[in-house]
Amino acid sequence: MSTHEDHRPRAGRPRRTDVARLAGVSPATVSFVLNKTAGQTISDETRQRVLQAVAELGYRPNRAAQGLRQGRSATIGFVSHDADFGVFAASAIKGAHEASVRQGNLLLLVNTGGSNRQAAQLVGELLDRQTDALIFAAAGTRSVVIPESAGRVPTILVNCFVPDDSTPSILPDEVRGGREAAQALLDLGHRDIAYLTGTASAWATKARLRGFREALRGAGLDPRDHTVLSGNYHADSGYELARRLLRRDARPTAIMCGNDRMAIGVLLALLEAGLRVPEDVSVMGYDDQFQLAAEVHPALSTVRLPYEAMGRLAAEQLAAGGPAAQTGRTLLHCPLVIRGSTAAPARPARG
């Protein structure tokens, strides 16, 4: 005499045949139901029996076996080409992870420590594990050398690029970001704007400075009349450059900063000088750095780097079979975030 318990697996991981036995259907029917195979006529009653058996047994498909049959592993390798998994990399990983999970993929994370040799070794390890595609990412936007083996699978670069753009990349639209940050100050009525940039040679610095100058020209102003000083993206340089500005006869009504950390240094220098932000001087940051920009006083107006969105888009494109364009750059908008550190100037603008 057979009972319901007779159909349960005795030990080990439940198999598809166990689900079929418990539901009273064939293993093929179980596959059709779980894979939602088109063109198969399966009654709702049968479908519910299969799903109930799956739930009772705690059945999970064997992804490795499926991968061997389908020629794919449902995994995407995320290669962080930096010294460690920093704050910005974490945002890109979060976006890529969430998009991958929605598409039924897993994200495998590795970090190269910034070493090209380590990158080649780790990419090889990922490919040996049948990874279907790669995301190659860097925290500071720059040119990179990617391992030749990455060409064996669809690969997208995030926040980095190769010089000839032969591998598709997703980058922040830094020119537009710099332009919109400056335009926000111009719209408030500022005409005396100084810009304390990050490292002069950095790709992002050059792009943001270009956007800053475009905004000035669009307002009928000559960029040569506005002070631009180069820093190093750290708070100490923001502090020292702001002190240099304040020693001049004509104090600007607004200061744009290379990033939020430099803006923190500027806030300290202004505080020491007895100046109020934004009543005496407005301060604009850049990055919208987590646990920094929104938590100082006054909270920083800034421009948000779209790391999470870049990671998400890369994973979505790879899950769809690869980017629409197999070469070139995709630029993502860097949204403006207005907080308490910017306001209309207290004194009339020059001219």
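Author: Helix 3 (residues 44–57) holds both Arg49 and Glu45, which are 4 residues apart, about one turn of the helix; helices (H or I, at least four residues) and strands (E, at least two) are DSSP runs, numbered from the N terminus. The model is a predicted one, in which local features need pLDDT of at least 70 and side-chain atom pairs count only at pLDDT 80 or more, while totals for chains, interfaces and linings use all residues. Residues are numbered from 1 along each chain as its sequence is written, and side-chain values use heavy atoms, with hydrogens and water left out.

The side chains of Arg49 and Glu45 form a salt bridge at 2.6 Å, N to O. The term denotes a side-chain nitrogen of Lys or Arg within 4 Å of a carboxyl oxygen of Asp or Glu. Side chains of opposite charge can pair when their charged atoms come close. Arg49 is partly exposed, with a relative accessible area of 28%, and Glu45 is likewise partly exposed, at 46%. Here buried means under 20% relative accessible area, exposed over 50%, and partly exposed in between (1.4 Å probe, protein chains only). Accessible areas come from the Shrake-Rupley method with a 1.4 Å probe, and for residues only the protein chains shown count as cover.

Another salt bridge joins Glu316 and Arg102, whose closest N and O atoms are 3.5 Å apart. This pair links distant parts of the chain, with Glu316 in helix 11 (residues 307–319) and Arg102 in helix 5 (residues 87–102), 214 residues apart. Glu316 is partly exposed, with a relative accessible area of 31%, whereas Arg102 is exposed, at 54%.

Glu214 and Arg179 also form a salt bridge, their closest N and O atoms being 2.6 Å apart. Glu214 belongs to helix 8 (residues 203–218) and Arg179 to helix 7 (residues 174–187), so the pair ties together parts that are 35 residues apart in sequence. Both partners count as partly exposed: Glu214 has a relative accessibility of 25%, and Arg179 has one of 29%.

Salt bridges also link Lys94, Glu98, Glu308 and Arg312 in a network. The count of salt bridges comes to 19. As for the setting of these pairs, the protein chain has 11 helices and 12 strands, and buried residues make up 48% of its 351 residues. Its accessible surface comes to about 17500 Å², of which 50% belongs to carbon and sulfur atoms.
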